[in-house]
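User: I would like to learn how to read a model of a protein chain, feature by feature. Can we go through one together?

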Amino acid sequence: MEELISKKDLLTEMNISYGQLYRWKRKKLIPEEWFMKKSTYTGHETFFPRERILERIQQILNMKDGASLDDLADKFSSDIPEELMRKKEDLIGLGVLHTEIIRLYEEIFKGKEEYSFQDILYMYISEDLLHQGNLSVEDLSRILKMLSDQYENIKDKDPALSVYRRFGVTVSLLHKSGEIFYSDQAPIVDNYSIRGALEKLKLKLI
């Protein structure tokens, strides 16, 4: 389970006010689902996913002087910029992707000369997974195809990806972030946040 942090501890650790936190919430810089009400011995208290909220608030603090809250909200939203297209050379030159993952994508989805943001997102996720887990090229090919086929069905549900291997067979699950699946095999990749990858990619490209 993801480690949580209470609202009180969050405000203290990040040296921010209650008003700042809820203004960022209203502006949708912080997702609604990160505000989790839980029972405590003193009543009810709000908790957050510790790692994600600390990273998000640090990003906001680092960027807020150079951009409006509305601009930041657009960068942190889960909306996909439909008009964005990039050539392979641009993605490599910007350091967004490496040649190898683009070559794999070209083998699966032939005939593309430019890539949409959604194409780039699938490649970015696959490259990230390659660094996180012991995945083969065949595993990544199946994950790329699954993302291409199923992402539209889950994109508005804070999607996550988990990958398991049992008896040499790799099983990939596309699911809502935070959901728990039982397996008697430790995951190769556990609850990988697709929304998190999308947000990081938008910061690189927009």
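User: Where is the place of Asn-15?

Analyst: This is a predicted model, and what follows should be read as such. Asn-15 sits in the loop between α1 and α2.

User: Is Asn-15 buried or exposed?

Analyst: A residue is called exposed when its relative accessible area is over 50%. For Asn-15 the relative accessible area is 70%, so this residue is exposed. Its backbone is also worth a look: phi is near 55°, a positive value in a residue other than glycine.

User: Which value does phi of Asn-191 have, and where is the place of that residue?

Analyst: Phi of Asn-191 is near 55°, again positive in a residue that is not glycine. Asn-191, however, belongs to strand β8, residues 189–193. With a relative accessible area of 25%, Asn-191 is partly exposed.

User: Back to α1 and α2. At what angle do the two helices pack?

Analyst: Two packed helices are described by the angle between their axes and by the distance between those axes. Here helix α1 (residues 7–14) and helix α2 (residues 18–26) pack at about 105°, and their axes are 10 Å apart. Angles of 65 to 115 degrees count as roughly perpendicular, and α1 and α2 are therefore roughly perpendicular to each other.

User: Which residues make the contact?

Analyst: From α1 the contact uses Lys-7, Leu-10 and Leu-11, and from α2 it uses Tyr-18, Leu-21 and Tyr-22. By type, the residues of this contact are five nonpolar, no polar and one charged.

User: Where does Leu-201 lie, and what is in contact with it?

Analyst: Leu-201 is part of helix α9, which covers residues 194–205. Its relative accessibility is 0%, so Leu-201 counts as buried. Apart from neighbours within four places in sequence, Leu-201 is in contact with Val-96, Phe-117, Ile-120, Leu-121 and Tyr-124.

User: How many residues in sequence, and what distance in space, lie between Leu-201 and Gly-43?

Analyst: Leu-201 and Gly-43 are 158 residues apart in sequence, and their C-alpha atoms are 39 Å apart in space.

User: What separates the C-alpha atoms of Pro-81 and Ile-206?

Analyst: Pro-81 and Ile-206 are 125 residues apart along the chain, and 9.1 Å separates their C-alpha atoms. Pro-81 is in the loop between α4 (69–76) and β4 (85–87). Leaving out residues up to four places away in sequence, Pro-81 touches Phe-117, Lys-202 and Ile-206. Phe-117 is also among the residues in contact with Leu-201.

User: Does Pro-81 count as buried or exposed?

Analyst: The cut-off for buried is a relative accessible area under 20%. Pro-81 has 12% relative accessibility, so it counts as buried.

User: Now the whole chain. How many helices and strands are there?

Analyst: The chain has nine helices and eight strands. Its radius of gyration is 19 Å, close to the 17 Å that the globule rule gives for 206 residues, so the chain is as compact as a globular protein of that length. Along the principal axes, the C-alpha atoms fill a box of roughly 55 × 45 × 25 Å.

User: What share of the residues is buried, and what share of the contacts is between residues 24 or more positions apart?

Analyst: Of the 206 residues, 42% are buried. Among contacts with a separation of 6 or more, 62% are between residues 24 or more positions apart. The accessible surface comes to about 11,800 Å², and carbon and sulfur atoms account for 48% of that surface.

Note on methods:
Residues are numbered from 1 along each chain as its sequence is written. This is a predicted model: local features need pLDDT of at least 70, side-chain atom pairs count only at pLDDT 80 or more; totals for chains, interfaces and linings use all residues. Side-chain values use heavy atoms; hydrogens and water are left out. Axes are lines fitted to C-alpha atoms, for helices over the stretch in contact, and angles run from 0 to 180 degrees between N-to-C directions. Helices (H or I, at least four residues) and strands (E, at least two) are DSSP runs, numbered from the N terminus. Angles under 35 degrees count as roughly parallel, over 145 as roughly antiparallel, 65 to 115 as roughly perpendicular and the rest as oblique. Contact means heavy atoms within 4.5 Å. Ala, Val, Leu, Ile, Met, Phe, Trp, Tyr, Cys and Pro count as nonpolar, Asp, Glu, Lys and Arg as charged, and the others, Gly among them, as polar. The radius of gyration is taken over C-alpha atoms; the globule rule is 2.2 Å times the number of residues to the power 0.38. Buried means under 20% relative accessible area, exposed over 50%, partly exposed in between (1.4 Å probe, protein chains only). Accessible areas come from the Shrake-Rupley method with a 1.4 Å probe; for residues, only the protein chains shown count as cover.
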